[in-house]
Amino acid sequence: MAYFLGLDSSTQSLSALVIDTTERRVVLDEAVNFGRDLPSYNSPHGVLPNADPRVCHSDPLMWVEALDLLLTRVKEQGFDWSKVSGISGAGQQHGSVFLKVPVADAGAWSAARPLVEQLRPLLSVATSPMWMDSSTASECAEIAAAVGGRARVLSLTGSNPIERFTGPQIRKVWKTQPAAYQATREIHLVSSFMASLLAGTSAAIDLGDGAGMNLLDLRSGRWDHHLLDATAPGLSERLRPPVASETQVGTIARYFVERYGFRAGTPIIAFSGDNPSSLVGMGAIEPGMRLISLGTSDTVFAAMDGPRTDPNGFGHVFGNPAGGFMSLICFTNGSLAREQVAQRFGLDWSAFASAISETRPGNRGNLMLPFFSTETTPRLLEAGVELFGSPEFVAWQRPAEAVRAVLEAQALNMRKHSDWIGHAPRQLVLTGGASRNAGIQRVIADVFHTPVRVLSIGNASALGGALRAAHAVGNLSWGDLFEAFVALDPNVRVEPDASTRSAYAALSDAFDEKLAQRLSRTN
Ligand code: XUL
């Protein structure tokens with residue numbers, strides 16, 4: 001029997017998934033929801049409220065407390081943590097944690113006190129900027145100017161300077177909290193921070209997640225010194241060199257052995273970003289599959305042969321944890337936008353799905369620009385929802401049409417901005433909470449004119465962590481692991497309806513026109 005644990009510290013929850021590679025089955029799938037289970041952090045969706053809608057931070061102590069809570073809860077259910085032979089995992093991308101003492105110097109955690117108490121004094125910056133933040137436009141411009149322009153940053157790092165990326169966020173900390181930056185000796189991504197907690201030592205950032213910082217030279221796999229210098233003084237001393245994703249970054253800290261019964265010496269493999277981890281969890285490490293993750297953010301991604309960049313400048317190149325690269329386009333207005341529409345009309349998710357069968361593809365021309373928050377694709381630094389069409393629709397009096405409108409606009413926006421990835425995909429594979437919603441599956445299949453499938457296991461990011469641990473520690477081949485754990489759900493096979501083509505061609509033109517008007521007005 002061999003058990004491998006994958007953790008996923010995402011925007012709204014921390015989840016744990018354990019696979020048994022001998023019996024070829026998932027033996028544990030459990031999560032802590034930050035809003036519900038840790039209400040004292042005042043972050044119902046994992047993000048702290050802020051008067052400025054562009055500023056999105058989270059309390060890193062919430063992530064620490066969630067780890068203890070999750071491990072305790074699972075232990076109380078009778079699960080035997082000593083069976084786990086290797087651990088890896090993932091974190092929401094781009095978020096940063098600033099420490100005044102490196103974990104390597106402080107990580108001999110005492111098992112007598114909760115981890116959160118031991119972490120609190122180590123933080124040099126109280127709150128962590130996270131991926132929903134869009135407050136660093138001037139820092140992006142400054143970094144670009146210092147290294148010779150945006151195109152230079154794009155060709156080196158695979159992404160334009162992007163507001164939510166870690167480099168511009170670090171620069172903002174340096175500018176706005178100089179004393180705190182001076183006191184900082186170690187900067188982590190959420191992924192390397194979680195790995196460091198478990199290992200009780202400073203875990204390096206992996207190439208998958210490190211590529212989301214505007215600091216990594218994609219081709220050499222090293223931090224680029226011009227970018228480090230352009231971002232903040234002394235940054236190279238505060239970041240460990242990045243490592244390949246299969247690197248062992250430590251073994252489990254005594255704290256977890258004594259408190260939860262983990263086996264001493266259990267290897268910890270570098271954590272990665274949630275999207276790179278999902279690429280593994282969806283069995284898509286070779287080019288050819290097109291994936292859509294419907295979570296707090298919606299993302300479209302695929303493994304790619306070489307680091308090819310988005311000509312429109314919205315997409316990214318990240319490291320593929322199995323080697324090579326992946327493309328990714330992130331849409332900030334994902335599940336929270338869908339939730340806003342559902343809440344407005346008091347709809348549950350099944351009513352949300354039924355709304356699709358009650359309305360017609362193309363929505364009789366009714367159209368929404370669904371930017372409930374600022375958006376990264378396309379880049380919109382002002383939030384704002386706009387409705388166009390019949391007076392009743394525009395007055396929010398048509399619940400079913402509003403549901404269709406948000407889903408159609410999201411799908412049109414995804415299609416429009418993911419064309420550059422390459423050949424038309426044979427099928428789209430969905431993951432994430434919303435991927436099980438039949439209405440969403442139907443709209444995506446029709447808008448992309450492509451068959452839609454979903455995976456049997458919903459949490460691709462945590463599964464990716466478990467598979468990476470099994471590959472690195474258990475020496476199991478990707479092929480065997482994917483055969484055992486990555487299966488398309490045989491019951492979901494949504495074929496596109498050819499009769500919707502003309503309706504969507506018209507709606508797509510209208511969407512392009514309204515979006516162009518909006519962009520020229522606001523940017
Ligand atoms: C990707 C991105 C989001 C977060 C969500 O670039 O910003 O998908 O990783 O957790």
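**Ground rules.** I number residues from 1 along each chain as its sequence is written, and side-chain values use heavy atoms, with hydrogens and water left out. Since the model is predicted, local features need pLDDT of at least 70 and side-chain atom pairs count only at pLDDT 80 or more, while totals for chains, interfaces and linings use all residues.

**Ligand shell.** I looked up what surrounds the ligand and got 13 residues, the closest being His94, Arg164, Asp274, Asn275 and Ser297 (a residue is in if one of its heavy atoms lies within 4 Å). I sorted the shell into four nonpolar, seven polar and two charged residues; here Asp, Glu, Lys and Arg count as charged, Ala, Val, Leu, Ile, Met, Phe, Trp, Tyr, Cys and Pro as nonpolar, and the others, Gly among them, as polar.

**Polar contacts.** I then checked N or O pairs within 3.5 Å. Ligand oxygen atoms lie 2.4 Å from a polar side-chain atom of Asp274, 2.7 Å from an N or O atom in the Arg164 side chain and 3.0 Å from a polar side-chain atom of Asn275. The protein covers 97% of the 290 Å² of accessible area that the ligand has on its own (Shrake-Rupley, 1.4 Å probe).

**Where it sits.** Domain 1 (3-275) and domain 2 (282-455 + 487-523) both give residues to the shell, so the ligand lies between them; the bounds come from an automatic or database domain assignment.

**Backbone.** I noted that most residues other than glycine have a negative phi, and most peptide bonds are trans. The Thr377 to Pro378 peptide bond is cis, with omega near -5°. Arg24, not a glycine, has a positive phi near 55°.

Definitions and conventions:
Polar contact = N/O pair within 3.5 Å; in protein donor to acceptor, adjacent residues only side chain to side chain.
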